[in-house]
Amino acid sequence: VQLQASGGGLVQAGGSLRLSCAASGLAFSRYAMGWHRQAPGKEREFVAAITKSGPMTYYADSVKGRFTISRDNARNTVYLQMNSLKPEDTAVYYCAADHLTVIASKGIDYWGQGTLVTVSS
């Protein structure tokens, strides 16, 4: 199983980025997908999740209204559209896949390698 995250980079505060996570080696439509992030010196935290067929989404309070998670089961890809970015959004963003839920960091079936997002003030 491989989760290949991409789309990170350097952006000014108020800007936007779209992260992508391409999955291979798993039955993508049977997995809940999501994103977590880890800032320097901090623990990994939940950001956003989407259910297997995509009707339900969940967000951390810190990103609600600014980030949107979506998935394309035909392309085996999950996306995270990040708008109105803030310096406190700076972190390594990790894609996650689990047969039940990706909201809790522990026990997740698969993790991607992470992509760095840096927001300058």
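**Strand pairing, a disulfide and aromatic contacts**

In this predicted model, Ser20 stands opposite Tyr79 of strand E8. The strands involved are E3 and E8 (residues 77–82), which pair in the antiparallel sense over 6 bridges. E3 (residues 17–24) also pairs with strand E1 (residues 2–6). These two strands run antiparallel and are joined by 5 bridges. Here Gln2 stands opposite Ser24 in E3.

The count of disulfides comes to 1. The bond joins Cys21 to Cys95, with an S to S distance of 2.1 Å. It links distant parts of the chain, with Cys21 in strand E3 and Cys95 in strand E9 (residues 91–98), 74 residues apart. The link of Cys21 and Cys95 is left-handed, at -85° about the S-S bond. Both cysteines, Cys21 and Cys95, are buried.

The structure holds 2 aromatic pairs. Tyr31 and Tyr110 form a tilted pair, 6.0 Å centre to centre, with 55° between the planes. Tyr31 lies in the loop between E3 and strand E4 (32–38), whereas Tyr110 lies in strand E10 (residues 110–111), 79 residues apart. Tyr31 counts as buried because its relative accessibility is 15%. Tyr110 has 29% and therefore counts as partly exposed.

Tyr94 and Trp111 also pair: their ring centres are 6.5 Å apart and their planes stand at 85°, so the pair is edge-to-face. Tyr94 is in strand E9 and Trp111 in strand E10, 17 residues apart. At 15% relative accessibility, Tyr94 is buried. Trp111, at 30%, is partly exposed.

Two arginines lie over rings. Arg44 lies over the face of Tyr94, 3.8 Å from the ring centre. Arg71 lies over the face of Phe28, at 4.4 Å from the ring centre.

Note on methods
Residues are numbered from 1 along each chain as its sequence is written. This is a predicted model: local features need pLDDT of at least 70, side-chain atom pairs count only at pLDDT 80 or more; totals for chains, interfaces and linings use all residues. Side-chain values use heavy atoms; hydrogens and water are left out. Two strands pair if DSSP finds at least two bridges between them. Helices (H or I, at least four residues) and strands (E, at least two) are DSSP runs, numbered from the N terminus. A disulfide is a pair of cysteine sulfur atoms within 2.5 Å. Buried means under 20% relative accessible area, exposed over 50%, partly exposed in between (1.4 Å probe, protein chains only). Rings of Phe, Tyr and Trp (its six-membered ring) pair if their centres lie within 6.5 Å; planes under 30 degrees apart count as stacked, over 60 as edge-to-face and the rest as tilted. A charge sits over a ring if NZ of Lys or CZ of Arg is within 6 Å of the ring centre and within 35 degrees of the ring normal.
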